[in-house]
Amino acid sequence: MDADETGFEITQRQGAWDIRMWWPSGPVTGGPQRITIEKAQDAPARDVARGISTTVLRRLDLTEAVQAAQKAAPSLEEGAREITQTIEEAAKTAGRLLALEGVSAPYLVMLSAVYVQMTSIGARRPVDWLAQLIERRPETVRDHLKKARRDGYLSSLAGKAGGELTDKATAVLDSLPDAGEAR
């Protein structure tokens, strides 16, 4: 298993092929988000020349991989706790900005940055979590995120939660004291 702060990877060997499966950091709730198949370093050239067959794909043991990922996830829990703590601190900063300045550009950018972080780690119901942290109703947070999109701070992903901070948002975020860690 290979791991870093963004996630971890489990590799299975099937014939001449290494199948790498990647999960994001956090609890394992299902299959991998990415699967990569590459020739193994010591694979015979004749097996590689034939290409990846349906037999290789059928032999992929996804159940075993998910079980291995679930066993590995607790060892990554400390990193997930740190990420969660950073997200929660940034959300509370957004809440303080809202209390001090109202629905201002710095607030919308900080809210967007936290939202992007939450969705990038695969948080379930990120708007509800964010609403709880800034002590507002989820409908209010949704309206604020829509305003952030309209004002050009947050891009959208059709039909999915998340998005990315725009260059305009990054400029505002960089001007905030101690906000650089929110990205």
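The accessible surface of the protein chain amounts to about 10800 Å², of which 48% belongs to carbon and sulfur atoms (Shrake-Rupley method with a 1.4 Å probe; for residues, only the protein chains shown count as cover). The model is predicted, so that local features require pLDDT of at least 70 and side-chain atom pairs count only at pLDDT 80 or more, while totals for chains, interfaces and linings use all residues. Residues are numbered from 1 along each chain as its sequence is written, and side-chain values use heavy atoms, with hydrogens and water left out.

The protein chain contains 8 helices and 4 strands (DSSP runs numbered from the N terminus, helices being H or I of at least four residues and strands E of at least two). From the N terminus on, the order of the elements is β-β-β-β-α-α-α-α-α-α-α-α. Of the 183 residues, 39% count as buried (under 20% relative accessible area, with exposed over 50% and partly exposed in between, for a 1.4 Å probe and protein chains only). Among contacts (heavy atoms within 4.5 Å) between residues at least 6 apart in sequence, 48% join residues at least 24 apart.

In the strand region, Gln 14 belongs to β2 (residues 7-14). Gln 14 is buried, its relative accessible area being 15%. When residues up to four places away in sequence are not counted, Gln 14 touches Ile 19, Val 56, Arg 59 and Leu 60.

Helix packing was examined around α5. Two packed helices are described by the angle between their axes and the distance between the axes. Helix α5 (residues 105-120) packs with helix α6 (residues 126-134) at an angle of about 135 degrees, the axes lying 10 Å apart (axes are lines fitted to C-alpha atoms, for helices over the stretch in contact, and angles run from 0 to 180 degrees between N-to-C directions). That angle makes α5 oblique to α6 (under 35 degrees counts as roughly parallel, over 145 as roughly antiparallel, 65 to 115 as roughly perpendicular and the rest as oblique). In this contact, Tyr 107, Leu 111, Val 114, Tyr 115, Met 118 and Thr 119 of α5 meet Pro 126, Val 127, Trp 129, Leu 130, Leu 133 and Ile 134 of α6. By class, these residues comprise 11 nonpolar, 1 polar and no charged (Ala, Val, Leu, Ile, Met, Phe, Trp, Tyr, Cys and Pro count as nonpolar, Asp, Glu, Lys and Arg as charged, and the others, Gly among them, as polar). Helix α6 is mostly covered, with 7 of its 9 residues buried; Trp 129 and Ala 131 are among them. Glu 135, which follows α6, has a positive phi near 60 degrees.

Helix α5 also packs with helix α7 (residues 138-150), at an angle of about 105 degrees and with the axes 9 Å apart. The two helices are therefore roughly perpendicular to each other. Here Tyr 107, Leu 108, Leu 111, Ser 112 and Tyr 115 of α5 meet Val 141, His 144, Leu 145, Lys 147, Ala 148 and Arg 149 of α7. This contact comprises 7 nonpolar, 2 polar and 2 charged residues.

Leu 111 of α5 is buried, with a relative accessible area of 0%. Beyond its neighbours within four places in sequence, Leu 111 is in contact with Ala 94, Leu 130, Ile 134, Val 141, His 144 and Leu 145. The C-alpha atoms of Leu 111 and Ala 148, 37 residues apart along the chain, are separated by 8.6 Å. Ser 104, in the loop between α4 (77-101) and α5, is buried with a relative accessible area of 14%. The C-alpha atoms of Ser 104 and Ala 148 are separated by 9.8 Å.
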